[in-house]
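Keep the 3D view open as you read.

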Protein chains: 2
Amino acid sequence: MSAKSRWADEEYQGIVRTGFRLKKRLFKGKSPFQTVEVVETKGHGKLLLIDGMTMVSERDEFVYHEMIAHVPLFLHPRPRRVLVIGGGDGGTVREVLRHKTVERCVLVEIDALVVSASKKFLPLTAGKLSDRRAVVRIEDGVKFVRETAERFDVVIVDSTEPFGPAKELFGTAFYKDVKRVLTEDGVVVSQAGSPFYEIATIKNLDRILKPVFPVVDAYLFTNLTYPGGLWAFAFASKGLRPVRDFRPQLVKAAKLPLKWYNAEVHAGAFALPEFVRKALNR
Amino acid sequence: MSAKSRWADEEYQGIVRTGFRLKKRLFKGKSPFQTVEVVETKGHGKLLLIDGMTMVSERDEFVYHEMIAHVPLFLHPRPRRVLVIGGGDGGTVREVLRHKTVERCVLVEIDALVVSASKKFLPLTAGKLSDRRAVVRIEDGVKFVRETAERFDVVIVDSTEPFGPAKELFGTAFYKDVKRVLTEDGVVVSQAGSPFYEIATIKNLDRILKPVFPVVDAYLFTNLTYPGGLWAFAFASKGLRPVRDFRPQLVKAAKLPLKWYNAEVHAGAFALPEFVRKALNR
């Protein structure tokens, strides 16, 4: 993204770019892990970029955060303890804490700069990081799940792409540890890339999860700011089936003020397009 | 799109742009209705642009064309006659003709230039326009449905945006005529814009369709080349309900070589995100 451009452009695979009309650059910093930027746009609110890739836009972050949080949390019969790995912008924690059953939500983010920049510039997502039920730890998520004695009902892997600091979050050892920290009805979901542009990411996660968990699936959503719009999450659990064991009445009873997720969307998101289904050998 | 750019950029609402890496410009012509262009890209194959807006990309056109055709054609118990209004690129006709029950598919396209440019440069979509079951008429679709004595089981409104030559396709008079040309179990689906960026389009169609048809709904898909990825179709019928009357076994039995649509996707596409549902007063 050039300094003088009127567009915050993200180029992807050298074949496509998406640009948002720029109003103002608010912040740019470099951590030991990555470059973190916040810009203000016309039409999409503020954007958080990591290494030049849009992670959050104020206009549409609700889609990603509702789908990563409410699918596992409305499936689990009574989620009390939740672990979020990555997600230093706070949007996932905000959605998790909407569930009244949740007593404790631990966020393990490797990069303090993501948290501090989000707290300063993105209260929309980071506002709930100071909730009394939220615990923010600046620490390597891989190390955390290897060493912690705590157990969680839901683990959410809210990571960046499968290279750089997030690389090990796409490995077998990590998911064996995730299984270890999950309670009996435990569920894990993970950011899994673009089915159109990088089907290998969800294929790879699927291959890693299958020998570790008895139930493995994938689900999709669409937002404005990720390349190609369509995006995948991997799903795994110790037994709960994402659609058959889902109870729509829980969603209706909760009456959360959501903009994307609802009981129909929950089930519909697991209806995988034919090319995705074939890639996952379903 | 500037002549020297290495990107085929589409700017949208002044707030977002999507660019595809350009290899070569193949064609640019001006009809009485609009500007028609074909360019070759790196990574997305050839694109068809109308008035600078991407209508078709070889990489992902299958999503749009499968979803506009197979949802009504697998819902209808025995579609024999199909009318396509717009869609001069031929992609919709190609998908319609995959159904063995279809005896005749009439394409009514207002702009001869769209058909001729597609036939020359986009055989992937236009290849089936010469099928013996296909009839191509260069004519105003609004006038056609007002005057024809023919009846159709399915009408597909494969239009451009609700301004310019397609404006009247977003009106009550047109849909009353569509109802008139539909047989007893008739179904109509229509391109209905971006829910993220122009929710008014699907809201408006919904408002127009409700007094005319007993069953009205909407469904969604995502592709790479339309602004915001997520896109809507309006659905209306004389009685068939899009999910409850749908028989998945017909899809399985047909064994079509599809890349996006399948029986689960059919039902899942009608699961509308909360903000869309609210906009349509569901």
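**From one glutamate to a whole interface**

Start at A:E274, which lies in helix α10 (residues 274-279) of chain A. Helices here are DSSP runs of H or I with at least four residues, strands are runs of E with at least two, and both are numbered from the N terminus. Before going further, note that this is a predicted model, in which local features need pLDDT of at least 70, side-chain atom pairs count only at pLDDT 80 or more, and totals for chains, interfaces and linings use all residues. Residues are numbered from 1 along each chain as its sequence is written, chains are lettered from A and ligands numbered from 1 in the order in which they are written, and side-chain values use heavy atoms, with hydrogens and water left out.

Is A:E274 buried or exposed? Its relative accessible area is 13%, so A:E274 counts as buried. (Buried means under 20% relative accessible area, exposed means over 50%, and partly exposed is in between, using a 1.4 Å probe and protein chains only.) Leaving aside residues up to four places away in sequence, A:E274 touches B:L258, B:K259, B:W260, B:Y261 and B:N262, where contact means heavy atoms within 4.5 Å.

A:E274 also has a partner in its own chain: its side chain meets that of A:R277 in a salt bridge (3.2 Å, N to O). A salt bridge, by the rule used here, is a side-chain nitrogen of Lys or Arg within 4 Å of a carboxyl oxygen of Asp or Glu. The two residues are three apart in helix α10 of chain A, so about one helical turn separates them. A:R277 is partly exposed, at 24% relative accessibility.

Now hop over to the other chain. The side chains of A:E264 and B:R277 meet in a salt bridge (2.8 Å, N to O). This pair crosses between chains, running from helix α9 (residues 263-268) of chain A to helix α10 (residues 274-279) of chain B. A:E264 is partly exposed, with a relative accessible area of 32%, and B:R277 is partly exposed as well, at 24%.

Another bridge joins the side chains of A:D9 and B:R17 (2.4 Å, N to O).

Time to zoom out to the interface. The contact takes 40 residues from chain A and 40 residues from chain B. The area buried between the two chains is about 3,300 Å², with carbon and sulfur atoms giving 57% of that. (Buried area is the accessible area, with a 1.4 Å probe, that two parts lose on being put together, summed over both.) A:I15, A:R17 and A:F196 supply 20% of the area that chain A buries against chain B, more than any other three residues.

Finally, look at the strands. β2(A) and strand β2 (residues 16-30) of chain B pair in the antiparallel sense over five bridges; two strands pair if DSSP finds at least two bridges between them. Which residue stands opposite A:R17? Look in β2(B), and you'll find B:G19 there.
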